[in-house]
Amino acid sequence: MSLNIPLITRRHTRRLGQALAEVLSPGDLVVLEGDLGAGKTFLVRAIARAMGVPTEIAVTSPTFELVHELPGKVPIVHVDLYRLQSPEMLIELGLNERIGADAVVLVEWGERFSLELGDEGLWVYLLFDSNGDRLAKLVPRKARGERIFCHIVARMDRTG
Ligand SMILES: Nc1ncnc2c1ncn2[C@@H]1O[C@H](COP(=O)(O)OP(=O)(O)OP(=O)(O)O)[C@@H](O)[C@H]1O
Ligand SMILES: [Mg+2]
């Protein structure tokens, strides 16, 4: 099961972020993977703004800190695991106390650690096609992933 969504302009990516923000609820996990510079952080920013994170708060990649906490209408945890060496170090970040619990957890470069992250949620692959256009490939994992996925599918049916 998967869905490809063209993201020709930044506006398309923002709209996907808004659609995700409508459905994401505490405990949900979104893993963002894909080509360098394809827009993982951009999409996280769109989700965060649509979930009420004020514009005074910068939404940037937590490249060195690894984790940023963002105050949305529900707590948002923004993670970048590009530099993470081992699953043991992942435990120290405390994500397992947030996933399936109080926060919406958005993880860039999380696929290497899928199992440690609980393997449940929406996996989003941000890619460039052969023309250099961006697209998102959405793949749900388990019940929480399917709930998010079905919302996006229904939303895309309605808005084209
Ligand atoms: N359709 C689009 N969707 C998203 N970003 C776009 C789009 N078109 C152009 N951009 C630009 O592409 C860049 C994407 O950068 P971003 O940091 O979000 O990528 P990333 O996937 O997080 O990178 P990294 O691989 O370093 O983590 C931004 O500068 C953004 O303005
Ligand atoms: Mg990034």
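The legends below describe close-up views of a predicted model.

**Figure 1. Metal site formed by Thr 41 and Glu 108.** The magnesium ion (ligand 2) is coordinated at 2.2 Å by OG1 of Thr 41 and OE of Glu 108.

Figure 2. A nitrogen atom of ligand 1 lies 3.1 Å from a polar backbone atom of Leu 7, and an oxygen atom of ligand 1 lies 2.8 Å from a polar backbone atom of Thr 41. The side chain of Glu 108 has an N or O atom 3.4 Å from an oxygen atom of ligand 1. Thr 41 and Glu 108 also coordinate the magnesium ion (ligand 2).

**Figure 3. Thr 41 in helix 2.** Thr 41 counts as buried because its relative accessibility is 18%, under the 20% limit. Along the chain, Thr 41 and Leu 106 are 65 residues apart, while their C-alpha atoms are separated by 9.7 Å.

**Figure 4. Helix 1, residues 10–23.** At 1.5 Å a residue, the 14 residues of helix 1 should span 20 Å, so the 21 Å between its end C-alpha atoms agrees with that expectation. Buried residues in helix 1 are Thr 13, Leu 16, Gly 17, Ala 19, Leu 20, Ala 21 and Val 23. An α-helix has 3.6 residues a turn, so residues three or four places apart point the same way.

**Figure 5. Positive phi at Asp 119.** Asp 119 is not a glycine, yet its phi is positive, near 60°. Asp 119 lies in the loop that runs between strand 5 and strand 6 (121–128). With a relative accessible area of 18%, Asp 119 is buried.

**Figure 6. Positive phi at Lys 142.** Phi of Lys 142 is positive, about 60°, although the residue is not a glycine. Lys 142 lies in helix 4 (residues 142–159). Lys 142 counts as partly exposed because its relative accessibility is 45%, which falls between the 20% and 50% limits.

**Figure 7. Arg 141 over the ring of Trp 123.** The charged end of Arg 141 sits over the Trp 123 ring, at 4.2 Å from the ring centre. Separately, the structure holds 1 aromatic pair.

**Figure 8. Glu 88 in helix 3.** Helix 3 covers residues 87–92 and includes Glu 88. Glu 88 counts as exposed because its relative accessibility is 53%, over the 50% limit. Glu 88 and Glu 116 are 28 residues apart along the chain, and their C-alpha atoms are separated by 9.3 Å.

Technical notes
Residues numbered from 1 in each chain as written. Chains lettered and ligands numbered in written order. Predicted model: local features only at pLDDT ≥ 70, side-chain atom pairs only at ≥ 80, totals over all residues. Heavy atoms only, no water. Helix = DSSP H or I, 4+ residues; strand = E, 2+ residues; numbered from the N terminus. Expected span 1.5 Å × (residues − 1). Buried < 20%, exposed > 50% of the residue type's maximum accessible area, 1.4 Å probe, protein only. Donors = N, O, S within 2.8 Å, 3.2 Å for Na, K, Ca; no water. Phe/Tyr/Trp six-rings, centres within 6.5 Å; stacked < 30°, edge-to-face > 60°. Lys NZ or Arg CZ within 6 Å of the ring centre and 35° of its normal. Polar contact = N/O pair within 3.5 Å; in protein donor to acceptor, adjacent residues only side chain to side chain.
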